[in-house]
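Have the model open beside you as you read.

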Amino acid sequence: MIHIYYGDGKGKTSAALGLGMRAFGAGKKVAMVQFLKNNQSSELAVLPFAVYEAPQELPFHPDKSYQEWVDGALAYLLESDAEILILDEFLDVIFDFVTEGQAFALLEQCDKEIVVTGHRDIPSLTEKADYITYMQKIRHPYDQGVSARKGIEY
C-alpha cells in the first residue's frame, strides 16, 4: 500500500516516522531515505531502523553529485529487504532529480508498504496511493522570521 503525506503544513515527516516506529515496534523491517535533508534532523539520533545516509551538503540547484546520490538512494530502496519504505521529501525531488516515470516505476516495482512525503501533489502518484493526507499550513513561525528550531522543526 502507498501512503502520501503532502502539503505545506508541518507534520509530514513526523507522521511518516510515527508509522515507521509503529511498524518497527510490530516487528517489521523499516528503511528510510530523506531526500533534500542533510543528516541534521534530530530524529535520526533515535531511530531504530535503517536510514540511507544523506550527503552533508545539499545543492540549491540540481547538480551531478546530488543526482548520483539520488540514483544510489533509489537503488537502495529497490534492493531493500525492508517491508516498510519511507521516502521523506520524495515528492520534492520529482522533476529535478527523478522523473515522474521513475517515481511511478519505483512505486510499481516495490511490493511493500511505501510512505511518501513532500510539499507538492504529483497527480499520477496520488492517483495510485491508498492513503492520502494533505497537511495545510494555517500559521507557522517561519512566516514571522523565526528560524527552524532544533528538536522542533528539525
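Y76 is partly exposed, with a relative accessibility of 23%. Y52 is also partly exposed, at 22%. Please keep in mind that this is a predicted model.

**Aromatic pairs**
- The structure contains 8 aromatic pairs.
- In one of them, Y52 and Y76 have ring centres 4.9 Å apart and planes at 35°, so this pair is tilted.
- Y52 belongs to strand β3 (residues 50-52) and Y76 to helix α2, so their pairing ties together parts 24 residues apart in sequence.
- Y66 and W69 make a stacked pair, with 5.3 Å from centre to centre and 20° between the planes.
- Both sit in helix α2, where their 3-residue spacing separates them by about one helical turn.
- Y66 is buried at 2% relative accessibility, and W69 is buried at 11%.

**The aromatic cluster**
- One aromatic cluster takes in F35, Y52, Y66, W69, Y76, F90 and F97.

**Nonpolar cores**
- The largest nonpolar core has 31 residues, and F35, L87 and F90 touch the most other members.
- Elements giving two or more residues to this core are β1 (2-7), β2 (30-34), α2 (64-79), β4 (84-88), α3 (100-109) and β5 (113-118).
- Helix α2 gives the most to this core, with 6 residues.
- Another core, of 12 residues, lies apart from the largest one; among its members are Y5, L19, A23 and I86.

**Contacts of F90**
- Leaving aside neighbours within four places in sequence, F90 is in contact with F35, L74, V98, A103, L106, V116 and T117.

Conventions. Residues numbered from 1 in each chain as written. Predicted model: local features only at pLDDT ≥ 70, side-chain atom pairs only at ≥ 80, totals over all residues. Heavy atoms only, no water. Core = buried A, V, L, I, M, F, W, Y, C linked by side-chain atoms within 4.5 Å. Buried < 20%, exposed > 50% of the residue type's maximum accessible area, 1.4 Å probe, protein only. Helix = DSSP H or I, 4+ residues; strand = E, 2+ residues; numbered from the N terminus. Contact = heavy atoms within 4.5 Å. Phe/Tyr/Trp six-rings, centres within 6.5 Å; stacked < 30°, edge-to-face > 60°.
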